[in-house]
Amino acid sequence: MYLQKYYSKSILKSIGLFFLLELFLTVNVMAAYKNSKNNNTRPLVDTIIKLDSVRDKKLLRIKTPARTNQPGNVQFNGADTVIKLDSAGNKIKKPATASAKKDTTKKGNSNELSSEVKATANDSTIFDKVHDIMYLYGQARVTYEDVEMDADYIRVDKRKHVIFASGRIDPLTHRYIGRPITKQSKDKPVECDSLLFDYKTKKGKIYNPASQQDGNYISGGQVKKLNDDEAAYRNVLFSTCSKPFPETDFGIVITKGIGEKKRIISGPAYLEIEGVPLPLAIPFGFFPKPDTKTSGVILPTFGEDSKLGFYIKGLGYYIALNDYMDLTTTGTLYSKGSYELNETIHYLDRYKYSGTLSLSYGSHNYGLEGDPPQKDFNITWSHTQNPNSSPGSTFSASVNAGTSSFYQNNPASASYSLQTLTQNNLSSSISYGKVWEGTPFNLTVSLAHSQDLTNKTVTLNLPTFNFNMSTISPFDSKDRVGPQKWYQKITVGYSLQGTNNINAVPEDELFKGSTLFKRMQNGLEHTIPIGFNQTIAKYFQFSASANYNEWWYFQHIHESYNRDNPLGPDVPQIDTLGGFKRAGAYSLSAGMSTKVYGTMAFKNGSLEAIREVMTPSISLQYKPDFSDPGFGYYQNIVSNATIPYPVNASVYSIFQNSVYGGPSAGKQAGLSFSIDNTIEGKVRPKATDTSTQSKHIKILDGLSFSTFYNFAADSFKLSPVTFSGHTAILHQKINISFSGTLNPYVEHVTDSISAGKITPVVHELNKFTWQNGAFPSLQQFSLSMSGSLNSQTFNKQQNTQNRNPNNTMQNMTPEQEQKLALLNTDPSAYVDFNIPWDISFNYSFTYNNNYTSTVTTNTMMISGDLRLTPKWIIQYSTNYDLKAHGFSSATSFSIYRDLHCWDLSIQWLPFGYYKSYNVTLRVKSTILQDLKLSKRSDYTSNAYFGQ
């Protein structure tokens, strides 16, 4: 249970990670293996190592000895270490042979093994009983205790406890295949070209190892374990690239070195890029290599800001507090007096919880010399809990709060993200949930925060809780036998909500002592729903419900007119009074619904039939008028009737602007009408379709109309007619939704003269439009269309093959984990190069009719990417106003170049307030995420800044 932290902030520390190789080199054995004499069994020529001539010389980094006449062979001590290379003509020369010697080892307790050596092979297995040697051919496998070994060829010398493994040359491709793969205990597998292994002492030698750990890769050279605490290495390439040598893009070659448990003593080492050595080398090195987290200095970056001057950015210190928590402190200092500070705490208790807490503070001198600096702060906190750690209870936190100008004045804290820099609000939530198993009760307690960055106001909920009881059937029995009786279908529920609310407080007044007491609002709301459902005559669904709400408040308002009010005697004065007040409200409804099916068949064409499903419903609704003086929830206010002042009278609710509101005014006793329509089509199969089955497609889904007629109203009894619907086209890839409101009453517009100007005035008449032979007028309409298309959208077969229902985080491949880790560090770093093109769009249209004028909006948002070549991709995002015929300032372009181990990215904001560009070349590995080269044009240098 250790906190995983990538605290490699320099090349030296990244070099140190390579020496973790010795942790999984326990498969190494002593290389002193002597030749043996001739025998009557299969000779030892099988121990010749055959490598691929395309890569072997560079991989080993050793020259061919002058004493041999075979330019393709490399001779080591012992027959088992002879490497046979294929020539340019792929001709394999006759291998060297070696005779077996008599076994002079004295037998005793020291040679006895504690476990059995298990060996299998798919091709053949040959035993040499004289020398006690076993030869395994074709997908051979050997296991001993916690050691596992797979190779195309394995030789096991049981008398000397030595295993030799290698691959073979494919006769068709002449490539070296079947390389040995070894693994011990929980260590990661190691692949190599050949190896020697003493399975008793657990020592050995590996030639050309290749393995991965913590995002780093090793290949080439030789590694030998000297004892339990030391390992020697020669010409080993340490790299962040997954490709084998010599395709590796970036790496460090360590020519000689000794790795111990706590430290590393290195000989000459140099940097190599694309196989080309660079003049960046060290003659020797001594590095600590602790097995726990280590504190250290974080190196800064240097640069210049057009407004703040030269800077030293990111200088800090990392402190490893313990195995579960660490602290990172960084700061930035500008030459003109500005500075930034950041504290970040990471914590992790595996299988229980994890989280990150960050505190940031900035002081910037963007104004003229002598002006006070702009001071900002921000706090972010994210906490997640493993649901299995505490069954029945949950706790989570997502906090983002601070001054409204923090991201604008600290763009680097958001990695210059346009989405973050242009956001209009911040929000936070901390919640705790509890479910009582075996009961219908559950509880949720939360703290919430929302912040309007434009108006610089803050709303807080300190705290809000919800206690709920899911609906139950009180008259039904768990031991009931047979169908439910009508009274057993009655359901009852209950919920209790409570909150303490500070609404829309100016940011500069939030921390004043009087704000919490004067602006705090609190209250409780009880809700009891009672329901009943019954099927009547098989085709009609009858439902009835009764809802009761009750509110408890500890303050209410009182309004009065003040003739001395400077704003005018007709402006009411509102006072907030303390004291407990309660209010209750109830409503009743009963309705009936059914479904009506209609089908229209077609004899010709591809369209076979159209089916419509209508769901009409009608219900009776009743609610009393809670503004009646008998309830006491509303009060009358009348101004002084003294001449020449006019009399002003109105009714107001004493719970006006309360957190949950109060009972509504006006009596309702009427009928509610609604109808829902679904239209589907049935298409005949094509001649090439072997299934011979018709296909169903949705034409229009959810087209609904609804209204309410209030018999208790004295006028305007019919409410506006609302309608909505949605559908999808292009195989459900593009979604279309619309909604609107129709006014059934006649609107009369007249002119009025005020302050010497003619102003149109709208009068609504208690007369239906169809009485004048007209259709109800459209008051409001909105249309939205969104979708996402890519090159695989219309490829049904490929979509089916790529669909993986088990694609979860639990079974991710190491490559997916690496990409996910990089994505979490920088969301813009991951680009899917497997999809040639992708486009997402969102079209929005709104229409509002005020009868004196109409207001419309017409915008289109487009984003996506285009892969020009397998390694080049362009991303774009923009908003276009179709009415104003112009692009918004939130237009950005990005260009990515996949360099395998490196990543080249170019971001460009062509115009607007944040006009800028950024070019970054960096290593993909998360271990070396600070190894990058950037060139940025800060948006503070453009002409729009500060205007």
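**Before selecting anything**

The coordinates are a predicted model, in which local features need pLDDT of at least 70, side-chain atom pairs count only at pLDDT 80 or more, and totals for chains, interfaces and linings use all residues. Residues are numbered from 1 along each chain as its sequence is written, and side-chain values use heavy atoms, with hydrogens and water left out.

**The whole protein**

The mean is 78, and 77% of the residues reach 70 or more. In cartoon view, the secondary structure comes to seven helices and 57 strands; these elements are DSSP runs numbered from the N terminus (helices: H or I, at least four residues; strands: E, at least two). Of the 947 residues, 36% count as buried; buried means under 20% relative accessible area, exposed over 50%, and partly exposed in between (1.4 Å probe, protein chains only).

With the surface shown, the protein exposes about 53600 Å², of which carbon and sulfur atoms supply 56%. Accessible areas come from the Shrake-Rupley method with a 1.4 Å probe, and for residues only the protein chains shown count as cover. Contacts are defined by heavy atoms within 4.5 Å. Among contacts with a separation of 6 or more, 53% are between residues 24 or more positions apart.

Side chains of opposite charge can pair when their charged atoms come close. The criterion for a salt bridge is a side-chain nitrogen of Lys or Arg within 4 Å of a carboxyl oxygen of Asp or Glu. The structure holds twelve of them. One joins D146 to K202, at 3.7 Å from N to O. D146 is in the loop between β6 (133-144) and β7 (147-157), and K202 in the loop between β13 (194-198) and β14 (203-207), so this pair ties together parts 56 residues apart in sequence. D146 is partly exposed at 32% relative accessibility, whereas K202 is buried at 19%.

Next, select R168 and D152, whose salt bridge has its closest N and O atoms 3.1 Å apart. R168 belongs to strand β9 (residues 168-169) and D152 to strand β7, so the pair ties together parts 16 residues apart in sequence. The relative accessible area of R168 is 34%, which makes R168 partly exposed; D152, at 15%, is buried.

**A nonpolar patch: select strand β26**

Return to the surface and select V297, L299, F302, I312, L315 and Y317, which form a nonpolar patch with about 610 Å² of accessible area together. Patch members have over 30% relative accessible area and no salt bridge, with like charges joined within 9 Å and nonpolar side chains (Val, Leu, Ile, Met, Phe, Trp, Tyr) within 5 Å. Strand β26 (residues 309-320) gives the most to the patch, with three residues. Y317 is in β26 and is partly exposed, at 39% relative accessibility.

**Aromatic pairs: select W436 and F467**

Rings of Phe, Tyr and Trp (its six-membered ring) pair if their centres lie within 6.5 Å; planes under 30 degrees apart count as stacked, over 60 as edge-to-face and the rest as tilted. The whole structure contains 29 aromatic pairs. For W436 and F467, the ring centres are 6.5 Å apart and the planes stand at 65°, so the pair is edge-to-face. W436 occupies the loop between β32 (425-435) and β33 (441-452), and F467 lies in strand β34 (residues 457-472), so the pair ties together parts 31 residues apart in sequence. W436 is partly exposed at 36% relative accessibility, and F467 is partly exposed at 24%. Further along, ring pairs link Y553, Y586, F626, F631, Y633 and F655 into a cluster.

**A buried asparagine: select N677**

N677 sits in strand β43 (residues 668-683) and is buried, with a relative accessible area of 7%. Beyond four places in sequence, N677 touches E612, V613, M614, L700, D701, G702 and L703. From D701, move to K698: the two form a salt bridge with the closest N and O atoms 3.7 Å apart. K698 is partly exposed, at 42% relative accessibility.

P870 lies in the loop between β51 (854-867) and β52 (872-881) and is exposed, at 60% relative accessible area. P870 and P836 are 34 residues apart in sequence and 8.2 Å apart in space, C-alpha to C-alpha.

Finally, select residues 798-812, where pLDDT stays under 50 and the model has nine contacts beyond four places in sequence. Over residues 816-830 pLDDT also stays under 50, with 19 such contacts. Where pLDDT is low, the predicted coordinates should not be read in detail.

Conventions. pLDDT = per-residue confidence, 0-100.
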